[in-house]
Amino acid sequence: PVILVLNGPNLNMLGTREPSTYGYETLADIAELCRRTGESHGLTIEFFQTNHEGELIERIHHARGRCAGILINPAAWTHTSVAIRDALSAAELPVIEVHLSNVHKREAFRHHSFVSPIAVGVIAGLGSNGYRLGLEHFAHLLEGFSH
Ligand code: DQA
């Protein structure tokens, strides 16, 4: 099974971007962590980041009927994008939302997510470990389906 791991705007800057909030790990480190986690659970990982909302939407459309699930850190689009939420609904795939930081102890505008109501679950504040835990949960869900 293929799991699509999607990353929204500015996440390409990880490592140098506000390290007190997001840590020193780079997006390449997180991609590697996802690949290794996928490998140990029999999941193929497609990892993608973009700063262009339409590009993310098209990736989501392309996952429909082809991927087993979507792990997404929508970054700032979490709080702004009805279009990404609608694309995720249209894909008809299980979605796990992940945030590196604990958005709930930050500014009020980060407390609302357009994605959370259509997600299986949300992980926030656990850094890159949230990606690993999200992927493990997909492995767990998929095991359930095959038994
Ligand atoms: C983020 C949290 C968002 O509020 C922010 O806009 C980001 C990153 C996180 O991973 O903690 O860009 O999604």
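Arg110 is found in the loop between E4 and strand E5 (121-124). The structure is a predicted model. Arg110 belongs to the residues around the ligand, and the UniProt annotation "binding site", from an unreviewed entry, also covers Arg110.

**Arg110 and His79**

- Apart from its neighbours within four places in sequence, Arg110 is in contact with His79 and Val103.
- His79 lies in the loop between E3 and H4.
- With 16 other C-beta atoms within 10 Å, His79 is partly exposed.
- Leaving aside neighbours within four places in sequence, the contacts of His79 are Phe109, Arg110, His112 and Ser113.

**The ligand and the annotated residues**

- Around the ligand are Asn10, Asn73, Ala75, Ala76, Thr78, His99, Leu100, Ser101, Val103 and Arg110.
- This shell divides into four nonpolar, five polar and one charged residue.
- According to the unreviewed UniProt entry, the annotation "binding site" covers Asn73, His79, Asp86, Leu100, Ser101 and Arg110.
- These annotated residues are spread over 38 residues of sequence, and they are also spread in space, with up to 24.1 Å between C-alpha atoms.

- Helix H4 comprises residues 82-91, and its buried residues are Ile84, Arg85, Ala87, Leu88 and Ala91.
- The exposed residues Val82 and Ala90 are carried by the face of H4 turned away from its buried side.
- The cover over the buried residues of H4 includes helix H3 (53-63), strand E3 (69-73) and strand E4 (95-99).
- Glu92 follows H4 and has a positive phi, near 50°.

**The nonpolar core**

- The largest nonpolar core has 29 residues.
- The residues with the most contacts inside this core are Ile3, Val5, Ile70, Leu71 and Leu88.
- Leu88 is also one of the buried residues of H4.
- Neighbours within four places in sequence aside, Leu88 is in contact with Ile60, Ile70, Val95, Val115 and Ile118.

Methods: Residues numbered from 1 in each chain as written. Predicted model: local features only at pLDDT ≥ 70, side-chain atom pairs only at ≥ 80, totals over all residues. Near = placed C-beta within 6 Å. Nonpolar A, V, L, I, M, F, W, Y, C, P; charged D, E, K, R; others polar. Core = buried A, V, L, I, M, F, W, Y, C linked by C-beta atoms within 7 Å. Buried ≥ 20, exposed ≤ 12 C-beta atoms within 10 Å, placed from the backbone. Contact = placed C-beta atoms within 7 Å. Helix = DSSP H or I, 4+ residues; strand = E, 2+ residues; numbered from the N terminus. UniProt positions renumbered as here; feature names shortened; annotations may be inferred.
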